Amino acid sequence: MNLCQKCKQEKELFSKKLCSSCLLIVLEKRIKKSVKEQGGLKREEKIRLLINDSVESKVTEYFLEKIYSNLKLKINIENDEYDKTILPFSSEKIIDAFLKTIFNNELFKQKKQIIFLESLTMEELKDVAEIKKLNGTIKNYELLDKIEKDYPGSKHSLLKSIKILEN
Ligand SMILES: [Zn+2]
């Protein structure tokens, strides 16, 4: 029997053995916490949202609307006037970007930016895309996945180290 670990009902299960509705609730909570830790979003703030055709981008747009529509954020993708930048990065993307910019650490020096999907993995992003029928290109981080497979917990440790270096 496939029982969701949260609601204990028999349903189709996604990452972490959760059904679609429980998974979305868990991820929403995690995003809220992580956005708050990064300074949070305020009412009617001008947001520069970096978008592309990636699944990260689509999932970011989905959760931004779902969680923060009450803030009436002024989201633009071109205008140069903004209070904050939102980057649609998953945890893998952060590690990948960090390793690539390790000698030229521009990305992580910028203040007033929120890495929206920092607390989500690609696996979870793919689940959300499937549940919500969001089409976006999926980048695979093969090396990272291999390291994680051989040494479980590596992604989490790397992300933690990067966050310490940031401060
Ligand atoms: Zn459930």
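This note goes through a predicted model point by point, from the sheet to the helices and then to single residues.

1. Basis. The model is predicted, so local features need pLDDT of at least 70 and side-chain atom pairs count only at pLDDT 80 or more, while totals for chains, interfaces and linings use all residues. Residues are numbered from 1 along each chain as its sequence is written. Helices (H or I, at least four residues) and strands (E, at least two) are DSSP runs, numbered from the N terminus.

2. The sheet. An open sheet is formed by 4 strands in the order β4-β3-β5-β6, with parallel pairing. Two strands pair if DSSP finds at least two bridges between them. At the edges are β4 (74-76) and β6 (113-117), each of which pairs on one side only. From one strand to the next the twist averages 30 degrees. As background, strands of a sheet pair through backbone hydrogen bonds, either parallel or antiparallel.

3. Strand β5 and its partners. Strand β5 covers residues 84-90 and pairs with β6 in the parallel sense over 4 bridges. I86 has I114 of β6 as its bridge partner, and S90 stands opposite L117 in β6. Toward β3, which runs parallel to β5, there are 3 bridges. There, R48 has T85 of β5 as its bridge partner. Strand β5 is mostly covered, with 5 of its 7 residues buried. A residue is buried if 20 or more other C-beta atoms lie within 10 Å of its own, exposed if 12 or fewer, and partly exposed in between; C-beta atoms are placed from the backbone.

4. L117. This residue lies in strand β6. L117 is buried because 31 other C-beta atoms lie within 10 Å. Leaving out residues up to four places away in sequence, L117 touches E56, V59, T60, P88, F89, S90 and L125. Contact here requires that the C-beta atoms of two residues, placed from the backbone, lie within 7 Å. E45 is 72 residues from L117 along the chain, and their C-alpha atoms are separated by 19 Å.

5. Helices α2 and α4. The axes of α2 (residues 55-68) and α4 (residues 122-131) come within 10 Å and cross at roughly 65 degrees. Axes are lines fitted to C-alpha atoms, for helices over the stretch in contact, and angles run from 0 to 180 degrees between N-to-C directions. The two helices, α2 and α4, are therefore roughly perpendicular to each other. Angles under 35 degrees count as roughly parallel, over 145 as roughly antiparallel, 65 to 115 as roughly perpendicular and the rest as oblique. The crossing of α2 past α4 is left-handed, meaning that the near helix is turned anticlockwise from the far one by less than a right angle; clockwise would be right-handed.

6. Residues at that crossing. From α2 the contact uses V55, E56, K58 and V59, and from α4 it uses L125, K126, V128 and A129. By class, the contact residues of α2 with α4 are 5 nonpolar, no polar and 3 charged. Ala, Val, Leu, Ile, Met, Phe, Trp, Tyr, Cys and Pro count as nonpolar, Asp, Glu, Lys and Arg as charged, and the others, Gly among them, as polar.

7. The buried part of α4. M122, E124, L125, D127 and V128 of α4 are buried. The buried residues of α4 pack against β1 (13-14), α1 (20-37), α2, β5, α3 (91-100) and β6.

8. L50. This residue sits in the loop between β3 (46-49) and α2. L50 counts as partly exposed because it has 14 C-beta neighbours inside 10 Å. Not counting residues up to four places away in sequence, L50 touches T85, I86, L87 and P88. The C-alpha atoms of L50 and E78 are separated by 8.8 Å, and the two residues are 28 apart along the chain.

9. Positive phi in loops. Where is K16 found? K16 is in the loop between β1 and β2 (18-19), and its phi is near 60 degrees, a positive value in a residue other than glycine. With 16 other C-beta atoms within 10 Å, K16 is partly exposed. E44 is in the loop between α1 and β3, and the phi of E44 is near 55 degrees, also positive in a residue other than glycine. E44 counts as exposed, with 10 C-beta neighbours inside 10 Å.
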